[in-house]
Amino acid sequence: MSQAKPGDTVRFHYTGTLNDGSVFSSSAGQDPLTITLGDGGILPDIDTALTGMATGENKTVEIEAADAYGPHQADLVYEVGRDKFPPEMDLQTGMALEAATPDGQALMITIVDATDESVTVDQNHPLAGKDLTFNVELVEIV
């Protein structure tokens, strides 16, 4: 049976969990994810885990925060004036929004808190600072 190698296009299922066992993402019930090994389309540790796997094989990959989405950076949590948002927008804690930097670059923010005067936002990736575990199953080498 052949094994996946860099440059191969592979299809795989995955389930990502946090240390407490909660699932943050999964392809269960959906089409498998399709990527080309070595092209940088997924976290490097998952790419490495899939390399060498055979169709039907399962593997568990534990990724420390530093190797996933990095540490949570306190300086990326900051307060902005409520007037920076449309007045009709109902800002809720946990809401993810796309914003723009002064030079027009898109960035994702999460609302941490909102009052009539100010909004606290977090520019960190939602999984920053968290260790991740992925269970991957190689479905097919295309």
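## The second largest pocket

The second largest pocket is lined by Phe12, Tyr14, Phe24, Ser25, Leu33, Ile42, Leu43, Ile46, Tyr69, Leu127 and Phe134. Two or more of these lining residues come from each of strand 1 (9–17) and strand 2 (23–26). By class, the lining comprises 10 nonpolar residues, one polar residue and no charged residues. Here Ala, Val, Leu, Ile, Met, Phe, Trp, Tyr, Cys and Pro count as nonpolar, Asp, Glu, Lys and Arg as charged, and the others, Gly among them, as polar. The space in this pocket amounts to about 150 Å³.

The model is predicted: local features need pLDDT of at least 70 and side-chain atom pairs count only at pLDDT 80 or more, while totals for chains, interfaces and linings use all residues. Residues are numbered from 1 along each chain as its sequence is written, and side-chain values use heavy atoms, with hydrogens and water left out.

## The largest pocket

The largest pocket has a volume of about 230 Å³. Its lining consists of 13 residues, and Lys84, Phe85, Ala99, Ala100 and Ile109 lie nearest the centre. Strand 5 (77–81), strand 6 (96–100) and strand 7 (106–114) each contribute at least two lining residues, and strand 6 gives the largest share, with four. The lining of the largest pocket holds 11 nonpolar, two charged and no polar residues.

A pocket is an open set of points on a 1 Å grid over the protein atoms alone, where a 1.4 Å probe fits, with protein on both sides within 12 Å along at least five of seven lines; lining residues have an atom within 4 Å of a point. Grid points are joined across faces, edges and corners, and a volume is the space filled by probe spheres set on the points.

## The chain as a whole

From the N terminus on, the order of elements is β-β-β-α-β-β-β-β-β-β. The radius of gyration is 19 Å, well over the 14 Å that the globule rule gives for 142 residues, so the chain is more spread out than a compact globule. This radius is taken over C-alpha atoms, and the rule is 2.2 Å times the number of residues to the power 0.38. Along its principal axes, the C-alpha trace spans about 60 × 35 × 30 Å.

Of the 142 residues, 32% count as buried (under 20% relative accessible area, with exposed over 50% and partly exposed in between; 1.4 Å probe, protein chains only).

Thr17 belongs to strand 1 and counts as buried because its relative accessibility is 18%. Leaving aside residues up to four places away in sequence, Thr17 touches Ser22, Val23, Phe24, Asp131, Leu132 and Thr133 (contact means heavy atoms within 4.5 Å).

Val139 lies in strand 9 and, at 28% relative accessibility, counts as partly exposed. Residues up to four places away in sequence not being counted, Val139 touches Arg11, Phe12, His13, Pro32 and Thr55. Pro126 sits in the loop between strand 8 (118–122) and strand 9 (132–141); its relative accessibility is 58%, so Pro126 counts as exposed.
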